[in-house]
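The sequence and the structure are shown first.

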Amino acid sequence: MARKQFDLIVFDWDGTLMDSTATIVKSIQSAARDLGLPIPSRDAASHVIGLGLSEAMQKVLGPDVDPKYYPRMVERYRYHYLTKDHELTLFDGVPELLAELTQQGYFLAVATGKSRVGLNRALDAAKLLSTFHATRCADETFSKPHPAMLQELTRELGQDLRRTVMIGDTTHDLMMAQNAGSAGIAVEYGAHPVDQLHACRPVFSAKNVPELHAWLSANA
């Protein structure tokens with residue numbers, strides 16, 4: 001059966017498939033507290049989710065903080081996150097969504113700000129190691145919103161960027177899709193405010209996983 005719009009569906013991980021936004025925010029805040037630095041607000045910490053870890057720590061600390069703290073923030077963030085990541089779960093409905101897309105024969109991929117080690121650990125814990133045809137992480141290529149992740153995934157899988165859709169909870173995801181010439185779908189239950197997501201003009205914006213599932217079933 002001919003596809004309606006897309007052959008390749010690319011997902012962000014944190015805040016899109018995995019319910020991890022609150023844990024990431026608390027880990028960033030705890031890292032800053034450990035180092036005696038100004039503690040970022042929830043909004044500030046949420047905004048850097050999706051970027052590569054080093055870039056995220058630099059942005060969240062801002063230009064007034066001595067750069068010597070950047071690697072120490074990364075180390076403390078990892079410490080706090082790793083004490084909690086075993087408690088994280090997929091959003092309700094995600095396993096069913098991925099199972100249906102797999103059954104329908106879509107190419108599935110992940111493009112994430114996580115490290116390769118972090119993503120593999122998360123995929124293993126979620127029992128999704130064999131679900132995705134390809135994955136890209138921020139420590140392997142350019143960080144979002146640079147289009148490299150989508151460009152590399154489509155090349156690896158022999159797909160067309162114009163028939164690829166990126167699904168994510170941040171403006172970084174949606175701007176990456178725009179920069180790559182792909183479509184973008186926003187999910188409103190993650191890190192970035194809805195008005196910022198809508199400003200990126202996604203083809204659809206889902207309030208929850210069931211709404212995303214229904215739209216993909218009818219339109220993808």
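## Basis of the description

On a 1 Å grid over the protein atoms alone, a pocket is an open set of points where a 1.4 Å probe fits, with protein on both sides within 12 Å along at least five of seven lines; lining residues have an atom within 4 Å of a point. Grid points are joined across faces, edges and corners, and a volume is the space filled by probe spheres set on the points.

The model is predicted: local features require pLDDT of at least 70 and side-chain atom pairs pLDDT 80 or more, whereas totals for chains, interfaces and linings use all residues. Residues are numbered from 1 along each chain as its sequence is written, and side-chain values use heavy atoms, with hydrogens and water left out.

## The largest pocket

The largest pocket has a volume of about 490 Å³. Its lining comprises 27 residues, and those closest to the pocket centre are Leu53, Tyr77, Gly113, Lys114 and Ser115. Two or more lining residues come from each of helix H1 (21-34), helix H3 (53-61), helix H4 (69-82) and helix H6; helices (H or I, at least four residues) and strands (E, at least two) are DSSP runs numbered from the N terminus. The greatest contribution is that of H4, with 5 residues.

By class, this lining holds 14 nonpolar, 7 polar and 6 charged residues. Here Ala, Val, Leu, Ile, Met, Phe, Trp, Tyr, Cys and Pro count as nonpolar, Asp, Glu, Lys and Arg as charged, and the others, Gly among them, as polar. Domain 1 (8-20 + 88-219) and domain 2 (21-86) each supply at least three residues to the lining of the largest pocket; the domain bounds come from an automatic or database domain assignment.

## The second largest pocket

The second largest pocket has a volume of about 190 Å³. It is lined by 14 residues, and Met18, Asp85, Arg121, Ala122 and Ala125 lie nearest its centre. H6 provides the largest share of this lining, 4 residues.

Because domain 1 and domain 2 both give residues to the lining, the second largest pocket lies between them.

Strand E2 (residues 107-112) is largely enclosed by the rest of the structure, because 5 of its 6 residues are buried. Buried means under 20% relative accessible area, exposed over 50%, and partly exposed in between (1.4 Å probe, protein chains only).

E2 pairs with strand E1 (residues 8-11) in the parallel sense over 4 bridges; two strands pair if DSSP finds at least two bridges between them. Val110 is the bridge partner in E2 of Phe11, and the bridge partner of Val110 in E3 is Thr135. Strand E3 (residues 134-137) runs parallel to E2 and is joined to it by 4 bridges. E2, helix H6 (residues 116-125) and E3 form a right-handed β-α-β unit. A crossover is right-handed if, with the strands pointing away from the viewer, the path from the first strand over the helix to the second runs clockwise.

In strand E5 (residues 183-187), 5 of the 5 residues are buried. In a regular strand the side chains alternate between the two faces of the sheet. Ala183, Ile185 and Val187 point one way from E5, while Gly184 and Ala186 point the other way, and all are buried.

Strand E4 (residues 164-168) pairs with E5 in the parallel sense over 4 bridges, and Met166 has Gly184 as its bridge partner in E5. E4, helix H8 (residues 171-180) and E5 make a right-handed β-α-β unit. E5 is also joined by 3 bridges to strand E6 (residues 204-206), and the two run parallel; Ala206 is the bridge partner in E6 of Val187. The β-α-β crossover from E5 through helix H9 (residues 194-199) to E6 is right-handed.

## Backbone exceptions in loops

Most residues other than glycine have a negative phi, and most peptide bonds are trans. Lys144 and Pro145 are joined by a cis peptide bond with an omega of about 10°. Pro145 is found in the loop between E3 and helix H7 (148-157).

Lys127, in the loop between H6 and E3, has a positive phi of about 60° although it is not a glycine. Lys127 counts as exposed, at 72% relative accessibility. Arg201, in the loop between H9 and E6, has a positive phi of about 55° and is likewise not a glycine. Arg201 is exposed, with a relative accessible area of 64%.
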